[in-house]
Amino acid sequence: MYAQPSLEEGFGISVIEAMACLARRGGAPMNVLTAALLRCATCGRGGLEVHPFDGDERRVVEGALTCSCGAWHRVEGRIADLMPPALRDAERTSAFARRHGLPADDGTRALSTNLREQLEHFAGYVDEYERLIVGSPYHAVQDALKFEPWLERELRAGALVLEIGCGTGRQTTALARRGIRSLGVDVSEVMLARARDKVRAMGREELVDLVLGTAERPPVLLDTFDACVINGTLHHVDDPERALREAVARVRSGGKLFVLDNHASPVRPLFDWLMHRFPLYEEHAHEDRRFSERQLLTWMRDAGVTGRAELTTFLPPHAWYAVRGASGRALLRLTDVAARIPLLRRLAGIVIVTGTKRGAARPPA
Ligand SMILES: C[S@@+](CC[C@H](N)C(=O)[O-])C[C@H]1O[C@@H](n2cnc3c(N)ncnc32)[C@H](O)[C@@H]1O
Ligand SMILES: [Zn+2]
C-alpha cells in the first residue's frame with residue numbers, strides 16, 4: 001500500500017486541466033495528454049494526476065502520476081512506470097522516491113522466472129536486437145509485405161494505436177512515420193528507452209508515448225484504442241490467451257487487431273537446429289510457445305474479434321540474407337504460395353491474425 005505522496009499543494013495538473021491547456025495552445029498530444037488514457041497500476045482506476053518535476057504541462061520528462069487511491073507512479077526519461085507494484089523495479093523506484101521526497105516503495109519484487117529472464121535477456125541484448133533482429137533482411141521484408149499493407153488498409157493518420165510489447169519500436173516507428181499516434185507498453189525499460197530515442201531521432205516524439213507495463217494487465221483505459229498491434233510478443237508472455245483478451249478489451253468496437261507470432265509448425269525443430277548451427281540472432285522465450293491459426297482465431301473470437309489468419313514464411317530467415325531488397329520481397333511472395341496448398345500450409349513459420357472488434361462501431365476519435 002502506498003501513502004498519499006507529499007507533493008506540494010497545487011503543483012499537480014489534473015488531466016482535464018492539462019487537456020484544456022493543450023486545447024488552448026493547439027498543442028500536439030504528448031505525455032500529459034496520454035496520462036488521460038492511463039490506469040493506476042495499483043487500483044486500476046483512471047483519472048491519474050500529472051506532476052511534472054522536469055518538463056512542462058505539455059511534456060513530462062520526469063515527474064509523478066498520482067491516483068486517488070494514494071499510489072504514485074514514476075515518470076522518468078518520458079517513460080511512465082505502470083508495472084504492477086509487485087513487478088516494479090524497487091531499486092529504481094526507491095532512488096526516484098529519495099530524489100523527489102516521495103514515500104518509499106517498500107515492496108519486494110515477485111517476478112515469475114520467465115519475466116525475470118525476459119528482463120535480463122532484453123536488458124543485455126538491446127544493441128544486438130536492433131542490429132540482428134530489427135535490422136535483419138527477413139524482418140524488413142516481413143514488415144514491408146505484412147505490417148505495412150495492413151496499416152495502409154486499416155488506419156489513417158491521427159488514429160490511436162495500443163502496442164503491446166513494442167520493444168525497441170519496430171512497429172512504433174512505422175506507425176509514427178504515417179502520423180498515427182501510439183501508446184507502447186513493454187516490461188523492459190531498456191527496450192522502451194531505445195524506442196523513445198528512435199522516435200525522437202525521427203522528430204515524431206509528439207505522436208508516441210511509452211509505458212512500462214505488462215501484456216497481462218495493460219495499464220490503459222478499456223474500449224478506447226482504434227487498434228492494437230502485438231507483433232512477436234505473445235510467445236514471450238506468461239499467459240498469452242489473457243494477454244490477447246486484455247488487449248482486445250482496450251480496443252473500441254469496430255477497432256482493428258494485428259497479431260503476429262511463431263506458428264506451431266511440425267518442422268519447427270528443424271528451424272531451431274538451423275538457428276543453433278548457423279545463429280542469426282538469439283530468441284529468448286518459452287520454448288513451447290508456438291500458436292496454431294485455430295488457437296489464435298479461437299482466442300480472438302472468444303475475446304470478441306472477428307478475424308482471419310494468414311500463414312507465411314516457409315523458409316528459414318537465413319534465405320533472406322542471400323537475396324536482398326526487391327528479390328527478398330519476391331522470395332516471400334513466391335514461397336508464400338505454399339499457404340494455399342493444404343499439405344504444405346502447416347509448415348509455415350509465422351502466423352498472422354488480423355480482425356475487427358465486434359459491437360456497434362463508433363467512429364475513430
Ligand atoms: C520479440 S520482442 C518484440 C518487439 C517488437 N514488437 C518487434 O517486433 O520488434 C518481445 C518484447 O516483448 C516484451 N515482453 C516480454 N514479456 C512481456 C510482458 N509480459 N508484457 C509486455 N511485454 C513483454 C519484451 O520486453 C520485448 O520487448
Ligand atoms: Zn490507484
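Student: Between which helices is the loop that holds Ser-292 found, and is Ser-292 buried, partly exposed or exposed?
Tutor: In this predicted model, Ser-292 is found in the loop between α9 (268-277) and α10. A residue is buried with 20 or more other C-beta atoms within 10 Å of its own and exposed with 12 or fewer. Ser-292 has 15 C-beta neighbours inside 10 Å, so its class is partly exposed.

Student: How many Å apart in space are Ser-292 and Asp-261, C-alpha to C-alpha?
Tutor: In sequence, Ser-292 and Asp-261 are 31 residues apart. Their separation in space, C-alpha to C-alpha, is 9.6 Å.

Student: Where do the buried residues of helix α10 lie, seen down its axis?
Tutor: The buried residues of α10 (residues 293-303) are Glu-293, Leu-296, Trp-299, Met-300 and Ala-303. Seen down the axis of α10, these buried residues fall within an arc of 140°, so they line one face of the helix.

Student: Which exposed residues does the face of α10 turned away from its buried side carry?
Tutor: The buried side of α10 is covered by elements including α8 (240-249), β9 (251-262), β10 (305-312) and β11 (350-357). The face turned away from that side carries the exposed residues Arg-294 and Asp-302.

Student: Which residue follows α10, and what is its phi?
Tutor: The residue that follows α10 is Gly-304. Its phi is positive, near 110°.

Student: What covers the buried residues of α8?
Tutor: In α8, the buried residues are Pro-240, Ala-243, Leu-244, Glu-246, Ala-247 and Val-248. What covers them includes β5 (160-164), β8 (225-231), β9, α10, β10 and β11.

Student: Which residues have the most contacts inside the largest nonpolar core?
Tutor: The largest nonpolar core has 77 residues. Leaving aside neighbours within four places in sequence, Cys-228 is in contact with Val-161, Leu-162, Ile-164, Ala-247, Arg-250, Val-251 and Leu-257. Inside the core, the residues with the most contacts are Val-161 and Cys-228.

Student: Is Thr-313 buried, partly exposed or exposed?
Tutor: Thr-313 is found in the loop between β10 and α11 (319-322), and its phi is near 75°, a positive value in a residue other than glycine. Most residues other than glycine have a negative phi. With 27 C-beta neighbours inside 10 Å, Thr-313 counts as buried.

Student: Is Asp-223 buried, partly exposed or exposed?
Tutor: Asp-223 is found in the loop between β7 (208-212) and β8. Its phi, near 50°, is a positive value in a residue other than glycine. With 13 C-beta neighbours inside 10 Å, Asp-223 counts as partly exposed.

Student: Which element gives the most residues to the shell around ligand 1?
Tutor: The number of residues that surround ligand 1 is 20, and the closest are Gly-165, Gly-167, Arg-170, Ser-188 and Ala-215. The elements that give two or more residues to this shell are α4 (113-134) and α6 (170-177). With 3 residues, the element that gives the most is α4.

Student: How many residues of the shell around ligand 1 are charged?
Tutor: By class, the shell has 7 nonpolar and 10 polar residues. The number of charged residues is 3.

Student: What is the mean pLDDT of the protein?
Tutor: pLDDT stays under 50 over residues 1-16 and over residues 18-30. Across the protein, 86% of residues reach 70 or more. The mean pLDDT is 86.

Technical notes: Residues numbered from 1 in each chain as written. Chains lettered and ligands numbered in written order. Predicted model: local features only at pLDDT ≥ 70, side-chain atom pairs only at ≥ 80, totals over all residues. Near = placed C-beta within 6 Å. Helix = DSSP H or I, 4+ residues; strand = E, 2+ residues; numbered from the N terminus. Nonpolar A, V, L, I, M, F, W, Y, C, P; charged D, E, K, R; others polar. Arc of directions from axis to C-beta. Contact = placed C-beta atoms within 7 Å. Core = buried A, V, L, I, M, F, W, Y, C linked by C-beta atoms within 7 Å. pLDDT = per-residue confidence, 0-100.
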